[in-house]
Amino acid sequence: MAFSGKYQLESHENFEAFMKAIGLPDDEIEKGKDIKSISEIHQDGNDFKVTVTAGTKVVLYSFTVGEECELETFTGEKAQTVVHMDGNKLMVCVKGIESVTELNGDTIINILTFDGIVYKRISRRIS
C-alpha cells in the first residue's frame with residue numbers, strides 16, 4: 001500500500017501522560033496538546049521522506065525500510081534505528097519508544113508505547 005499523501009491529525013488519546021513519561025517539559029506539552037499536525041509522506045518503494053509540521057516546528061525524516069537511519073524523538077533527541085515494514089505497517093523503536101504506524105485506506109493510525117504508556121494518533125488523508 002502506498003503511504004504517499006498529506007495527512008492531518010484528527011484525534012489523539014493519552015497525549016499528556018505519554019509526553020510526561022518521555023520527559024517533555026510541561027510548557028511544551030501545553031503548547032502541543034491542541035496542535036493538529038500535518039504529515040506529508042512521499043514513498044518510493046522502500047524509500048520514505050516524511051515532513052511533519054506541528055505549529056511552527058517542522059521535522060524532516062528520510063529513511064529506507066530495513067536500513068539504518070537517524071530519527072528524532074518528540075524531545076528532540078536523535079538516535080540511530082531501523083524502520084521495518086510488514087504489509088501496511090511501519091514499525092520502529094527509538095530511545096525506548098515503540099511506534100507502529102498502520103495505513104488503513106485514507107487513515108493512518110500511529111500507536112506509540114513507552115514504559116507501558118500508550119499514545120494513539122489518528123490522521124486522515126487531506127490530499
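Two residues are in contact when heavy atoms lie within 4.5 Å.

## Basis of the model

This is a predicted model, in which local features need pLDDT of at least 70, side-chain atom pairs count only at pLDDT 80 or more, and totals for chains, interfaces and linings use all residues. Residues are numbered from 1 along each chain as its sequence is written, and side-chain values use heavy atoms, with hydrogens and water left out.

## Overall fold

The protein has two helices and eleven strands. Both kinds of element are DSSP runs, numbered from the N terminus: helices are H or I with at least four residues, strands are E with at least two. Along the sequence the pattern reads β-α-α-β-β-β-β-β-β-β-β-β-β.

The C-alpha trace spans about 40 × 30 × 25 Å along its principal axes. The radius of gyration is 14 Å, which agrees with the value near 14 Å for a compact globule of 127 residues. That radius is taken over C-alpha atoms, and the globule rule is 2.2 Å times the number of residues to the power 0.38. Of the 127 residues, 35% count as buried. Buried means under 20% relative accessible area, exposed means over 50%, and partly exposed lies in between (1.4 Å probe, protein chains only). The accessible surface comes to about 7200 Å², and 48% of it belongs to carbon and sulfur atoms. These areas come from the Shrake-Rupley method with a 1.4 Å probe; for residues, only the protein chains shown count as cover. Among contacts between residues at least 6 apart in sequence, 40% join residues at least 24 apart.

## Strand β11 and its partners

Strand β11 (residues 117-125) pairs with β1 (residues 5-13) in the antiparallel sense, over six bridges. Two strands pair if DSSP finds at least two bridges between them. His12 has Arg121 of β11 as its bridge partner. Strand β11 also pairs with β10 (residues 107-114), again antiparallel, over eight bridges. Here Leu112 is bridged to Tyr119 of β11. β10 and β11 form a hairpin with two residues between them. In that turn, Asp115 has a positive phi of about 55°.

Ser123 lies in β11. Its relative accessible area is 8%, so Ser123 is buried.

## Helix α1

Helix α1 covers residues 15-22, and its buried residues are Phe15, Phe18, Met19 and Ile22. They cover an arc of only 95° around the axis, which puts them on the same side of α1. The arc is that of the directions from the helix axis to the C-beta atoms. An α-helix has 3.6 residues a turn, so residues three or four places apart point the same way.

The buried residues of α1 pack against β1, α2 (26-32), β9 (97-104), β10 and β11. Gly23 follows α1 and has a positive phi, near 100°.

## Aromatic pairs

Rings of Phe, Tyr and Trp (its six-membered ring) pair if their centres lie within 6.5 Å; planes under 30 degrees apart count as stacked, over 60 as edge-to-face and the rest as tilted. By this rule there are six aromatic pairs. One of them joins Phe3 and Phe48 edge-to-face, at 5.8 Å centre to centre and 70° between the planes. Phe3 lies in the segment before β1 and Phe48 in strand β3 (residues 47-54), so the pair ties together parts 45 residues apart in sequence. Both Phe3 and Phe48 are buried.

Phe18 and Phe74 form another edge-to-face pair, at 6.4 Å centre to centre and 85° between the planes. Phe18 lies in α1 and Phe74 in the loop between β5 (68-72) and β6 (78-82), so this pair ties together parts 56 residues apart in sequence. Phe18 is buried at 0% relative accessibility, whereas Phe74 is partly exposed at 34%. Phe15, Phe18, Phe74 and Tyr119 form one aromatic cluster.

## Glu68 in strand β5

Glu68 is found in strand β5. Its relative accessible area is 60%, so Glu68 is exposed. Leaving aside neighbours within four places in sequence, Glu68 is in contact with Gln80, Thr81 and Val82. Glu68 and Val82 are 14 residues apart along the chain, yet their C-alpha atoms are separated by 4.6 Å.
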